[in-house]
Amino acid sequence: MEDNHAGALSRIPELLLSAGGVKMLVLGFGTASKPPATPEATKLAVLEAIRLGYRHFDTAALYLTEEQLGEAVIEAVKLGLINSRKELFITSKLWCSDAHAQLVLPAIQKTLTNLKMEYLDLYLIHWPVSSKAGVYEYPVKKEDFLPMDSEKVWASMEECQRLGLTRAIGVSNFSRKKLSNILACAQIPPAVNQVEVNPLWQQKKLIEFCKTSGVVVVAYGALGSVGTFYGTNRVLRSEVLKEIAKTKGKTVAQVSLRWAYEQEIGVVVKSFNRERMKENLEIFDWGLNDDERKKISEIPQSRACNGQDYTSVHGPFKTIRELWDGEL
């Protein structure tokens, strides 16, 4: 087995999830892009990520990257980059049109078929809303949105874990109120809430709530999600972050990722550029000082991914304020 990047791998710390001692590497490699990358580009990027030392990969039914991720893992084993799939942590997500109690099990089985895997490490409810069953599209038609029966859908997620189809279950884009509703009915509590977090949207109250509830926060959009439909350059253009990066001899991306790591949360970051993929791994052998943390804490706050596409006069959330329960 090639071990050229064992040093990089050994430097990535782990977070312990509530699900029976499951450990998750704090830094994950994202596969979402808009417009979508070609299947070959996605597969090659995942292979290169594995070479560099990434072992945590994030996909979703919506991203249309499950098959390419699975193919890359098979190729990585053949090439001797890893011994087996067991060395990886794989996350995928339940799409809105499958967020119905009777469709959760078929959905995870389809995801596993796409990945050519027997189990996931983490399966998330992608958004706290359902849509018309059998319709797979984004954006969802406004008339297709439906209220999600969160108690029944969560019970089906729990069944996926009991059946061994996933080692842990969780949610994504859930406000404190919506997460509380799941916690109140759960026999197996969510292990993770994956939400937008970066220096320009720090989510301090949500992170604190999740910590006290035993839920690990995983950040997406840590660099502003450039290259997605909702992404912006605002994180990478932040003058505060630029100043800190210049002082420390780091990139703005590294400063942002280091800041997230210091919040004791997980981070999923997406870049298919080899040099940036490598740079994003190099955040664990240095730290921010108190003055730098203070400057970052004073950056004006606003969401980039406001969820407007998940609101509808026909659905359960008419406005983004309702979607996020006022957490704007």
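1. E239 and K242 form a salt bridge, with 3.6 Å between the closest N and O atoms; the term requires a side-chain nitrogen of Lys or Arg within 4 Å of a carboxyl oxygen of Asp or Glu. Both E239 and K242 belong to helix α8, 3 residues apart, or about one turn of the helix. Helices here are DSSP runs of H or I with at least four residues, strands are runs of E with at least two, and both are numbered from the N terminus. E239 counts as exposed because its relative accessibility is 56%, while K242, at 35%, counts as partly exposed. The classes are buried under 20% relative accessible area, exposed over 50%, and partly exposed in between (1.4 Å probe, protein chains only).

2. This is a predicted model, in which local features need pLDDT of at least 70 and side-chain atom pairs count only at pLDDT 80 or more, whereas totals for chains, interfaces and linings use all residues. Residues are numbered from 1 along each chain as its sequence is written, and side-chain values use heavy atoms, with hydrogens and water left out.

3. The protein chain has a mean pLDDT of 93, and 95% of its residues reach 70 or more; pLDDT is the predictor's confidence in each residue, from 0 to 100. Over residues 1-7 pLDDT stays under 50, and for this stretch the model has 10 contacts beyond four places in sequence. A contact means heavy atoms within 4.5 Å. Where pLDDT is low, the predicted coordinates should not be read in detail.

4. How do α8 and α9 pack? Helix α8 (residues 239-248) and helix α9 (residues 252-262) meet at an angle of about 100 degrees, and their axes are 8 Å apart. That makes α8 roughly perpendicular to α9. Angles of 65 to 115 degrees count as roughly perpendicular, under 35 as roughly parallel, over 145 as roughly antiparallel, and the rest as oblique. The axes are lines fitted to C-alpha atoms over the stretch in contact, and the angles run from 0 to 180 degrees between N-to-C directions.

5. On the α8 side the contact involves L241, K242, I244 and A245, which meet V252, V255 and S256 of α9. The residues of this contact divide into 5 nonpolar, 1 polar and 1 charged. Ala, Val, Leu, Ile, Met, Phe, Trp, Tyr, Cys and Pro count as nonpolar, Asp, Glu, Lys and Arg as charged, and the others, Gly among them, as polar.

6. R293 has a salt bridge to E262, with the closest N and O atoms 2.8 Å apart. This pair links distant parts of the chain, R293 being in helix α11 (residues 290-297) and E262 in helix α9, 31 residues apart. R293 also meets D290 in a salt bridge (2.7 Å, N to O). D290 and R293 are 3 residues apart in helix α11, so about one helical turn separates them. D290 is exposed at 62% relative accessibility, and R293 is partly exposed at 33%.

7. The count of salt bridges comes to 22.

8. Q203 sits in the loop between β10 (192-196) and α7 (204-213). Is Q203 buried or exposed? Its relative accessibility of 10% means that Q203 counts as buried. Leaving out residues up to four places away in sequence, Q203 touches V195, E196, V197 and R303.

9. S150 lies in helix α5 (residues 150-162) and is partly exposed, with a relative accessible area of 23%. The C-alpha atoms of S150 and V129 are separated by 8.6 Å, the two residues being 21 residues apart along the chain.
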